[in-house]
Amino acid sequence: MCHDLGYTEMRLPNLMGHTTIPEVVSKTAEWHKLLQTGCHPYARMFLCSLFAPVCLDTFIQPCRSMCEAVRDSCAPVLACHDQNWPESLNCDRFPAGDDMCLDTLSKEYQHNYKGNFDLLENNNNNDDIDTTTTTKIAIVRFSKLDKVLNKIFFFFF
């Protein structure tokens with residue numbers, strides 16, 4: 001489920017408390033059918049940020065808004081199979097966006113992304129970006145001195 005995300009090393013224990021690769025593989029298998037429904041375009045990214053987080057010095061959790069967007073789209077699919085949105089994925093446990101977290105693109109960014117990558121115009125490092133192979137963009141929000149800075153992360157699906 002979490003292969004080909006643009007990184008090759010994941011951090012354990014993960015945000016779900018799993019400590020071994022077999023445990024992660026077993027638990028992610030439970031989500032394959034839901035992801036196959038296409039209930040939300042960021043469902044895979046959301047789940048993989050929890051089950052197979054990128055190996056960095058700190059965790060980058062999904063933002064609460066990402067969780068809520070995925071939950072609101074995917075919970076009805078689960079309900080059709082007599083399942084509830086799991087308490088372990090309670091969106092209140094994730095940062096509201098004022099801390100470092102993984103977020104979905106706003107409608108403004110989605111529009112620009114589909115256009116001519118206008119959102120990258122003001123990016124000082126855009127020389128390093130290959131827009132021909134990028135398929136998904138996620139925004140990681142950092143809060144510093146009451147000023148929100150957006151960093152762009154590219155995920156290859």
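Contact here means heavy atoms within 4.5 Å. This is a predicted model, where local features need pLDDT of at least 70, side-chain atom pairs count only at pLDDT 80 or more, and totals for chains, interfaces and linings use all residues. Residues are numbered from 1 along each chain as its sequence is written, and side-chain values use heavy atoms, with hydrogens and water left out.

1. **His-18.** His-18 sits in the segment before α1 (21–29). Helices (H or I, at least four residues) and strands (E, at least two) are DSSP runs, numbered from the N terminus. Setting aside residues up to four places away in sequence, His-18 touches Leu-12, Pro-13, Glu-23, Val-24, Lys-27 and Phe-51. His-18 counts as buried because its relative accessibility is 7%. Buried means under 20% relative accessible area, exposed over 50%, and partly exposed in between (1.4 Å probe, protein chains only).

2. **Core.** A nonpolar core is a set of buried Ala, Val, Leu, Ile, Met, Phe, Trp, Tyr and Cys residues joined through side-chain atoms within 4.5 Å. The largest one has 28 residues, and Phe-46, Val-70 and Trp-85 have the most contacts inside it. Two elements give two or more residues to this core: α3 (43–51) and α4 (64–80). The largest share, 7 residues, comes from α3. Beyond its neighbours within four places in sequence, Val-70 contacts His-40, Tyr-42, Ala-43, Phe-46, Ala-75 and Trp-85.

3. **Disulfide count.** A disulfide is a pair of cysteine sulfur atoms within 2.5 Å. That rule gives 4 disulfides. With the bonded cysteines numbered in sequence order, the pairing is 1-3, 2-6, 4-8, 5-7.

4. **Cys-2 to Cys-48.** The S to S distance in this disulfide is 2.0 Å. The link is left-handed, with -95° about the S-S bond. Cys-2 lies in the segment before α1 and Cys-48 in helix α3, so the bond ties together parts 46 residues apart in sequence. Cys-2 is buried at 19% relative accessible area. Cys-48 is buried at 1%.

5. **Cys-39 to Cys-74.** The sulfur atoms of this disulfide are 1.9 Å apart. The link is right-handed, with 85° about the S-S bond. Cys-39 is in the loop between α2 (32–36) and α3, and Cys-74 is in helix α4, so parts 35 residues apart in sequence are tied together. Cys-39 counts as buried at 16% relative accessibility. Cys-74 is buried at 0%.

6. **Cys-67 to Cys-91.** Here the sulfur atoms are 2.1 Å apart. The link is left-handed, at -75° about the S-S bond. Both cysteines are buried.

7. **Other cysteines.** Cys-55 is partly exposed, at 39% relative accessible area. Cys-80 counts as exposed, at 67% relative accessibility.
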